[in-house]
Amino acid sequence: MLNYCGSIADFVCNAKSREDALPLLNEHCRSRFFLHPRRTKKVLLFFHGFTAAPWQFVPMGEAFFKAGYNVLVPLMPGHGQGGNWSRQNPAPLPTTAAVYQNFAQEWLDRAQELGEEVYIGGLSGGGTVAAWLALERCNDIAGCLLFAPYLSSSSRVLDLFVRKLTPEYYDWGAPRPGQIRHGYDGFEVEALKTVLLMGSQVLNRAKREESAPMFIISSESDRAVGHREHRTLFESVSRFAPRSWYHIFDRVLDIPHTMMTQGEGNPHESMLIAMAKAYIDSKLTWNEIGDIAERMTRGETFDAAVQTLNLDDHAAAEMPIFMTLLDKRSLVMQRYTGLRRA
């Protein structure tokens, strides 16, 4: 208990001192920690999005904390700093992958001190960092939640632009009506190129290396990242880690790239949290989810399907929500198409 309390005091105080000296762009940019007075069975480490801040994971962090888990959401390197940032004076975002990679490994080491199992996750560029960490330290990570990871953009032309035309500056433009932004309004393209190249490395490594299990979540309404690469990553990772899942939200839900909170445009925030909990608290493989889906397409209820398959102890309380959203018929068709090809 003394070591646990000492670990908390150490990194919390260090984070506060470091952020007090920046100065911060605003208070929403501070690292956020949701910590119990003792080690927990599971610990969650989240990395916020590119140019954004830890506030993106506050609703999800609070939900997992209430469920009994310790949660860490550190401020990413070069993010959240106040200044008169512009094309002539771009925000100090990292332009080398090693900065993100060292940061991620240091926080994973800290997370391991706070519980028995560590789950990691991230949105967009933070998802790219989490995916890299899931490959680099697969034996230290129980699972990985990737929310619209930036592995490529939705446009091949834009990817070429990012790779070739640097240094340039990109302005996010005005937020959508009702949308909140607590982060940088723009960035130097060289900084985004760093994340894009990390994403390319993740896709290449995943084809041949073991990874921690992943749950990759996309949205058809997301105009920022490439959905095809999300599916490709899932197919690569699931060969080594059967407890990997994949889901893409239907366009009718209009869930944007900034999907973590209502404030950033996702009215279905609670649904996303429920899906994340379904993954963290379940032991189901993707093949077992396919078995459940197949029975449900034949008219069985979720409860009846898991009971018949003897999977009651493997399914979290939130699992029916995920199964309701899942395109079960497409999943079953894909299974049989794969069998015919084999």
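Two aromatic rings, from Phe, Tyr or Trp (its six-membered ring), count as a pair if their centres lie within 6.5 Å. In this predicted model, ring pairs of this kind link F11, F33, F47, F103 and W107 into a cluster. Across the whole structure, a search finds 20 aromatic pairs.

One of these pairs joins F11 to W107, with 5.6 Å from centre to centre and 75 degrees between the planes, an edge-to-face arrangement. F11 belongs to helix 1 (residues 2–20) and W107 to helix 3 (residues 97–112), so the pair ties together parts that lie 96 residues apart in sequence. Both F11 and W107 are buried. A further pair involves F215 and W245: the ring centres are 5.3 Å apart and the planes meet at 65 degrees, so this pair is edge-to-face. Here strand 8 (residues 214–219), which holds F215, is linked to strand 9 (residues 245–249), which holds W245, across 30 residues. F215 and W245 are buried.

Turning to the interior, nonpolar side chains in soluble globular proteins tend to be buried together. The largest nonpolar core in the model contains 99 residues, and F147 and F322 have the most contacts inside it. Leaving aside residues up to four places away in sequence, F147 touches residues including F57, M60, L123, I217, M259 and L272. Another core, of 5 residues, lies apart from it, with L24, C29, W55 and L75 among them.

Helices also pack together. Helix 6 (residues 189–206) and helix 7 (residues 227–240) meet at an angle of about 35 degrees, their axes 9 Å apart, and their crossing is left-handed. Helix 6 contributes V202, L203 and A206 to the contact, while helix 7 contributes residues including L233, V237 and F240. By class, the contact comprises 6 nonpolar, 1 polar and 2 charged residues.

Notes: Residues are numbered from 1 along each chain as its sequence is written. This is a predicted model: local features need pLDDT of at least 70, side-chain atom pairs count only at pLDDT 80 or more; totals for chains, interfaces and linings use all residues. Side-chain values use heavy atoms; hydrogens and water are left out. Axes are lines fitted to C-alpha atoms, for helices over the stretch in contact, and angles run from 0 to 180 degrees between N-to-C directions. Helices (H or I, at least four residues) and strands (E, at least two) are DSSP runs, numbered from the N terminus. A crossing is left-handed if the near helix is turned anticlockwise from the far one by less than a right angle, and right-handed if clockwise. Contact means heavy atoms within 4.5 Å. Ala, Val, Leu, Ile, Met, Phe, Trp, Tyr, Cys and Pro count as nonpolar, Asp, Glu, Lys and Arg as charged, and the others, Gly among them, as polar. A nonpolar core is a set of buried Ala, Val, Leu, Ile, Met, Phe, Trp, Tyr and Cys residues joined through side-chain atoms within 4.5 Å. Buried means under 20% relative accessible area, exposed over 50%, partly exposed in between (1.4 Å probe, protein chains only). Rings of Phe, Tyr and Trp (its six-membered ring) pair if their centres lie within 6.5 Å; planes under 30 degrees apart count as stacked, over 60 as edge-to-face and the rest as tilted.
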